[in-house]
Protein chains: 2
Amino acid sequence: MRIAILAHEKFPHRAKTALGVLRYTDDEVVAVLDRDNPGRRVAEFVPDVQDAPIVESMADLVGRDRDGDGDVDALLIGISPIGGAFDESWRADVRTALEAGCDVISGLHYFLGEDEEFAALAADHGCEIRDVREPPEGLSVSRGVADEVSAEVVLTVGTDCSVGKLTTTMELARAAREAGHDAAVIPTGQTGIMIEGWGTPVDRVVSDFAAGAVEEMILETGEDHDYLFVEGQGSIVHPAYSGVTAGILHGSMPDRLVLCHAAGTEVIHGYESFALPPIEEYVERYESFAAPVRETEVVAGALNTADLESEADARTALDEFATAIDGPATDVVRFGADEVLDAVI
Amino acid sequence: MRIAILAHEKFPHRAKTALGVLRYTDDEVVAVLDRDNPGRRVAEFVPDVQDAPIVESMADLVGRDRDGDGDVDALLIGISPIGGAFDESWRADVRTALEAGCDVISGLHYFLGEDEEFAALAADHGCEIRDVREPPEGLSVSRGVADEVSAEVVLTVGTDCSVGKLTTTMELARAAREAGHDAAVIPTGQTGIMIEGWGTPVDRVVSDFAAGAVEEMILETGEDHDYLFVEGQGSIVHPAYSGVTAGILHGSMPDRLVLCHAAGTEVIHGYESFALPPIEEYVERYESFAAPVRETEVVAGALNTADLESEADARTALDEFATAIDGPATDVVRFGADEVLDAVI
């Protein structure tokens with residue numbers, strides 16, 4: 001499939017979904033839409049993901065299909081404001097995509113398929129709107145039995161949102177597979193679902209069913225693999241999202257935890273009046289919170305050092321982080337996941 | 001309003017909603033439906049709530065209206081299985097109610113208004129189905145600002161589900177009002193909403209919005225009262241519901257906590273392989289979990305001693321509980337809330 005990724009004004013650092021898809025998708029990314037940087041390329045900003053041209057709008061991509069085979073199969077919404085609302089400045093791009101017969105894939109809380117104009121356009125032009133954050137029917141409460149599967153369950157947990165839980169999950173699963181293990185990812189959020197092509201958006205599930213939604217995914221896959229790498233969400237100290245984090249932590253009943261952090265982060269993103277507790281505390285917080293349901297341990301750390309230019313600085317930050325969590329740590333993108341894999345599996 | 005309460009096979013001890021409504025509603029309860037105990041009365045089982053006859057089915061209540069003023073205005077579903085499903089053995093009662101023009105009030109996760117047969121009957125007979133667990137439109141994520149209201153916020157938290165958080169909330173608010181304070185209840189679950197006539201069912205909200213739903217209720221009412229008593233849900237150690245608990249704890253940013261427990265409970269109800277941690281630990285768990293968002297303190301305890309027949313045993317259990325939480329404690333039903341009110345307000 002050939003996809004375009006919408007990431008206006010947020011690419012690359014505030015375009016978490018766009019980056020995740022660029023890094024891990026098997027699809028071909030034909031362009032990134034960013035009206036702030038038309039004419040440039042992804043590789044100028046992020047060297048280690050799939051490269052693509054940056055264009056101003058969807059209109060730059062459609063209507064030029066001289067060979068008639070379609071230039072773009074789908075437009076993927078690659079950014080998400082806090083709250084998951086739809087930004088009306090994106091409407092023209094979505095409209096243009098649908099009018100050209102492109103599918104639209106979105107992980108927003110605002111379901112594009114329920115937008116009257118978009119629904120009508122999709123029907124008229126025979127294309128599909130896929131709201132991946134729409135949870136499946138038939139979810140229910142957790143039964144507290146996720147630990148009964150034969151797979152070892154590894155959950156990524158974070159000091160905040162957007163600190164690298166998805167990336168760490170993907171890299172650890174990949175490293176485990178490369179080491180000869182049968183490892184699968186349990187996607188719990190929009191980006192993971194877009195990459196893996198399945199999963200349940202736990203943050204969009206009825207809150208009573210959050211733990212149950214994770215449990216169900218683990219029960220469905222846990223006999224087919226040696227390791228399940230569960231994509232964590234939010235943070236146990238987050239003013240808005242701690243409930244989602246708690247549901248995933250208890251629902252997944254993990255054997256091991258990997259603590260993710262972005263170097264230099266000191267306050268909750270978007271909630272700057274809330275300071276992050278010291279890293280040391282997080283280990284105790286996650287283990288202690290999990291314990292009444294499942295005894296588990298933070299066995300390794302993943303530090304996002306993208307903001308540190310020099311490798312020496314990154315290594316220093318990693319050392320400090322490893323000391324704070326009293327375990328091995330790596331930047332899974334910069335230095336690879338192998339350094340912590342032994343601790344994790 | 002004259003209401004009938006359905007509580008088949010669960011009355012009284014597994015009929016939490018029925019009991020809460022019998023204890024606190026301003027409406028007249030004309031009967032409780034319990035096919036296990038027809039011919040008996042509520043007062044034989046529970047002495048300190050509104051009394052009413054127990055009947056076998058809705059058919060015993062309708063069709064006898066000789067004076068033509070209607071015998072029952074509404075049927076209220078007073079029990080809820082784990083998961084909030086609809087028990088098909090109740091269908092005849094709901095059908096009979098709707099055919100007789102009674103409204104039906106339900107807090108189940110299964111929305112009766114979306115049941116084809118019930119929806120058609122309600123339309124045919126001009127009556128209303130009120131699914132109180134259906135959350136309002138327009139909810140969003142918490143902004144982390146509930147502490148900005150002028151009211152003092154008191155949240156009930158629990159060692160498990162069904163240990164008395166609603167009862168404690170209602171009794172504390174009542175005691176505060178009797179002591180001359182302007183106190184309001186923030187209802188977060190089906191029973192509280194049925195009693196108070198407003199509120200948001202936080203366990204039914206999109207999990208990303210759980211904290212935000214509580215915050216919104218506090219912001220809406222927090223300037224109009226001196227005290228807000230927030231109905232807590234679940235427990236921080238619950239395998240299925242901890243996410244809801246976490247969302248309410250962080251979203252409400254409470255000034256004070258009241259820990260609720262049922263004497264003698266040693267395992268999570270319905271999840272008997274999970275032991276409750278020692279009471280002492282809960283104080284630390286709740287305070288520590290809240291701290292990164294809001295420093296708060298467990299200032300008092302509420303112990304449900306209904307299972308202890310002798311008052312001496314109840315007093316002993318209370319003393320032990322007070323020692324464990326290192327604060328004042330009472331059974332709000334048996335001994336009144338006044339004993340802890342000073343610590344709470």
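Let us start with the sheet in chain A. Six strands make up an open sheet, and their order across it is E3-E2-E1-E4-E5-E6, with parallel pairing. At its edges are strand E3, residues 54–55, and strand E6, residues 129–131, of chain A, and each of these pairs on one side only. Keep in mind that this is a predicted model.

As background, the strands of a sheet pair through backbone hydrogen bonds, and the pairing is either parallel or antiparallel.

Now one pair from that sheet. Strand E5 of chain A covers residues 103–106, and three bridges join E5(A) to E6(A) in the parallel sense. If you want a place to look, A:Ser106 stands opposite A:Asp131, which belongs to E6(A).

On to the two chains. How many degrees of rotation superpose chain B on chain A? The rotation is 180 degrees, with 0.0 Å of shift along its axis, and the RMSD is 0.0 Å. The two copies are therefore related as by a two-fold rotation axis.

Next, the contact itself. On chain B, 32 residues are in contact with 32 residues of chain A. Helix H7 (210–221), helix H8 (242–252) and strand E12 (271–275) of chain B each supply at least two residues of the side that touches chain A. The largest share of that side comes from H8(B), with six residues. By residue class, the side of chain B that touches chain A has 19 nonpolar, ten polar and three charged residues.

Last point: 100% of the interface residues of chain B are also interface residues in chain A, so the copies meet through the same surface.

How values were computed
Residues numbered from 1 in each chain as written. Chains lettered and ligands numbered in written order. Predicted model: local features only at pLDDT ≥ 70, side-chain atom pairs only at ≥ 80, totals over all residues. Pairing = 2+ DSSP bridges. Helix = DSSP H or I, 4+ residues; strand = E, 2+ residues; numbered from the N terminus. Least-squares fit on C-alpha atoms with pLDDT ≥ 70 in both. Contact = placed C-beta atoms within 7 Å. Nonpolar A, V, L, I, M, F, W, Y, C, P; charged D, E, K, R; others polar.
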